Amino acid sequence: METGFFSSSILTQDELKKIAAYKAVDQHVESGMILGLGSGSTVKHAVDRIGELLQLGKLHNIIGITTSQNTHQQALSLGIPLSDLDVHPVLDLAIDGADEVDPHLNLVKGRCGSLLREKMVEGACKKFVVIVDESKLVDHLGGSGLAMPVEVVPFCWKFTAKMLQDLFRDSGCVAKLKCEEESGEAFVTDNGNYLVDLYFKKDIGDLRAASEAILRLAGVVEHGMFLDMATTVIVARELGITVKHK
């Protein structure tokens, strides 16, 4: 584990994210790489940094593969060349954020709806660097009390949600459809599916068993647990950066 320290001034959460994102790019991205570019507010800083280094001529021959429409548009606007997994089935590195990180570097991701594409891209990379601030660290997945998302097909989503809730009854699970804040309509992922958010009151236990049980349900597309995938996690804390390696 590596540690670095900041100046005495108090930084905002977004400033902490930016520092972690820049560190991820500066220490891990090299010219000639095929890069997986994740989703969310933290990764936006990383993509900005990659674009900046390309414009300065400090990086070249970079190809990005994005996990969301928002990141795709951002990368295009910065002049980052893009491709996909059909052309490049193996990636050198992926950079993304996370909603939760446990002590074993297992993750919860995808609350913004990109979990399927994130898992496809990040499952194809040789190294997976995750950038977070310390608020995302938990003792166990689901420990934040916030959502663990599951992408489901729209067809009979209520049936699938009930099956998911029943699956984790012993953990006090409550399953809720993710909705748009303004309209109240069902949130639709980039793949045209819905998200069912699972909230747990207790530890769900064996994560592998939980993963397999979720994926056995016919209406489920994918879940937001990323198990044994991260190789490095960069954590921005108020007093400095901590780097954890698998």
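I started at Asp133, which is buried at a relative accessible area of 3%. (Buried is under 20% relative accessible area, exposed over 50%, partly exposed in between, with a 1.4 Å probe and protein chains only.) The model is predicted: local features need pLDDT of at least 70, side-chain atom pairs count only at pLDDT 80 or more, and totals for chains, interfaces and linings use all residues. Residues are numbered from 1 along each chain as its sequence is written, and side-chain values use heavy atoms, with hydrogens and water left out.

**Asp133 and Gln13**

I placed Asp133 in strand β7. (Strands are DSSP runs of E, at least two residues; helices are runs of H or I, at least four; both are numbered from the N terminus.) I then listed what Asp133 touches, not counting residues up to four places away in sequence: Gln13, Lys17, Val235 and Ala236. (Contact means heavy atoms within 4.5 Å.) The side chains of Asp133 and Gln13 make a polar contact at 3.3 Å. (A polar contact is a pair of N or O atoms within 3.5 Å; within protein, one must be able to donate a hydrogen and the other to accept it, and residues adjacent in sequence count only if both atoms are side-chain atoms.)

I followed Gln13 next. Gln13 lies in helix α1 and is partly exposed, with a relative accessible area of 43%. Leaving aside neighbours within four places in sequence, Gln13 is in contact with Asp133, Ser135 and Lys136. A polar contact of 3.3 Å joins its side chain to that of Ser135. I also looked up Gln13 against Glu238: they are 225 residues apart in sequence, yet 8.7 Å apart in space, C-alpha to C-alpha.

**The cores**

Which residues have the most contacts inside the largest nonpolar core? I found Val29, Leu35, Ile50, Ile62, Ile95, Ile131 and Ile234, in a core of 27 residues. (A nonpolar core is a set of buried Ala, Val, Leu, Ile, Met, Phe, Trp, Tyr and Cys residues joined through side-chain atoms within 4.5 Å.) At least two residues of this core come from each of α1 (13–28), β2 (34–37), α2 (41–55), β4 (91–96), β7 (125–133), β13 (232–237) and β14 (240–245). Helix α2 gives the most, with 6 residues. A second, separate core has 24 residues, including Val108, Val152, Ile204 and Ala210.

I checked Leu35 in detail. Leaving aside neighbours within four places in sequence, Leu35 is in contact with Val29, Ile50, Ile62, Ile63, Gly64, Ile65, Leu91 and Leu93.

**Helix α4**

I counted burial along α4 (residues 115–122). Of its 8 residues, 6 are buried, so the helix is largely enclosed by the rest of the structure. The buried ones are Leu115, Leu116, Glu118, Lys119, Val121 and Glu122. The charged end of Lys119 sits over the ring of Phe226, 4.8 Å from its centre. (A charge sits over a ring if NZ of Lys or CZ of Arg is within 6 Å of the ring centre and within 35 degrees of the ring normal.)

**Rings**

I found 1 aromatic pair in the structure. (Rings of Phe, Tyr and Trp, the last by its six-membered ring, pair if their centres lie within 6.5 Å; planes under 30 degrees apart are stacked, over 60 edge-to-face, the rest tilted.) The rings of Phe168 and Phe200 have centres 5.4 Å apart and planes at 80 degrees, so the pair is edge-to-face. Phe168 is in the loop between α5 (157–167) and β9 (174–177), and Phe200 in the loop between β10 (194–199) and α6 (207–215), so the pair ties together parts 32 residues apart in sequence. Phe168 is buried at 6%, and Phe200 is buried at 9%.

**Strands**

I looked at β9 next. Its covered face holds Ala175 and Leu177, its uncovered face Val174 and Lys176. Strands β9 and β10 run antiparallel, joined by 4 bridges. (Two strands pair if DSSP finds at least two bridges between them.) The bridge partner of Lys176 in β10 is Asp197. Lys176 also lies over the face of Tyr199, 5.5 Å from the ring centre.

**Positive phi**

I noted Cys156, not a glycine, with a positive phi of about 50 degrees. Cys156 lies in the loop between β8 (148–152) and α5.
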